[in-house]
Amino acid sequence: MKKFRALSLALVAAMCFSLLAGCGGGSSASPSPSASAPTASQPAETGSVGESGEITIALITNTTGDYAQYGIPVHNGAKLYIDQLNANGGINGKTIKVLEYDDKADGIETVNAFNLAMDNGITAVIGSVLTGATIALADATYEVNMPQITASATAAGVTMIDPEDENSEIRTNVFRSCFIDPFQGEKMADYAYNKLGARTAGILFETGNDYSEGLKDAFVKKAAELGLEVVATEAFATGDKDYKAQMTNIASKNPDVVFCPIYYGEAGLAITQGRQAGITATFLGGDGFGGIRDYASPEDLEGTVYCSGYAPGTESVAQFEADYQATYGEPVPNMFAPLAYDAAMLMCNALKSAEDAGLTAGTDEYKQAVIDALAANDGTEGITGSYTFDPYNNPIKSAAMIQLQGGEEKFTELY
């Protein structure tokens, strides 16, 4: 049944093409990958795989297409870690050989890429990037118990077969370095109530978007627990650009904060129109706000707060930021590059555990050892925080709180 589910889910992902749940986005300008990543029909490297002295893995990202601003940083961050590891002797003297695929954020392309990678003898997968593609890949990797980690797909359904069921079957082979959607909604409600002193809130969300609705639902649930009253809830459809009516309704309730679990482009428009409608409240968002400074005026954005998986400019990420700049010729564009760096670190640490056990790469025993090592992380330090995984293979970690100050996105605290 899992094979049928993988195919059907890939088709659904291709048709629905849901955005990455939790896409922070960053600047719309995309950095160039270290090499032109191929399509899913052709791996970046060919020839015999699994040769003595090599450990072969797949890196599946979307480096072309409409959402490459997410996929390219994931590609670059993961490659940066692996290239540095290889330059320092690899794993017990073995080189990590990376087969790179561009899935164009399409579920069918993702599964095709995975099948090609399997034919080439991989023993682990890093990817994919957007939610639909990642879930399609997760179902395929679950079928063969292939170790997989994503840096960016935050929907609960990535690791759970049925996220609506607390007793859902878990894809025990699939992990992530990013936090999940419900976590963000809960975190922002808690921050509004306990840090900002808010007692009333308005909400603007996008209907039919898993990311937006997931954050909204979690915010509402946590707000009710805290005593944060939601006085207005407004929605818009995908593609809408005019939010004046919704913002006028929210303004009439004069909330202390307005939570907008949407992406940076729409959020910039919404905040601008909200200010025009008379809203003086603090706007709040999830990691989809990353890069919002380019989509509204500094005056309208002043004081806006969102949570992120990355604290730019801090001591813990300084070396990574310098290395990324030196390698790719531009600053870190958004949180997806450091999260991918951490994802590659976690996967390579797990590969080392299998190597230390003397197992043969590609065997069932080897893959299970990698999965067990990933699950066993207990406070492992990455550049975006420490990693311990919950029973659903989601990381337990703090969120970086980012505030708009004078038109710049400034890290304020881990919360």
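**A tour of the sheet and its helices**

Begin by selecting strand E4 (residues 148-150) and E5, which run parallel and are joined by 3 bridges. Strands (E, at least two residues) and helices (H or I, at least four) are DSSP runs, numbered from the N terminus. This is a predicted model, in which local features need pLDDT of at least 70, side-chain atom pairs count only at pLDDT 80 or more, and totals for chains, interfaces and linings use all residues. Residues are numbered from 1 along each chain as its sequence is written, and side-chain values use heavy atoms, leaving out hydrogens and water.

Next, select Gln148, which stands opposite Val174 in E5.

Now display the whole open sheet: its 5 strands follow the order E2-E1-E3-E4-E5, with parallel pairing (two strands pair if DSSP finds at least two bridges between them). At the edges are strand E2 (95-102) and strand E5 (174-176), each pairing on one side only. From one strand to the next, the twist averages 25°.

Contact means heavy atoms within 4.5 Å; angles run from 0 to 180 degrees between N-to-C directions, and axes are lines fitted to C-alpha atoms, for helices over the stretch in contact. Helix H11 (residues 336-356) lies across E1, E2, E3 and E4, also running at about 165° to E4.

Finally, select helix H3 (residues 107-119) with helix H4 (residues 131-144): their axes come within 8 Å and cross at roughly 35°. Among the residues making this contact are Phe114 of H3 and Leu137 of H4.
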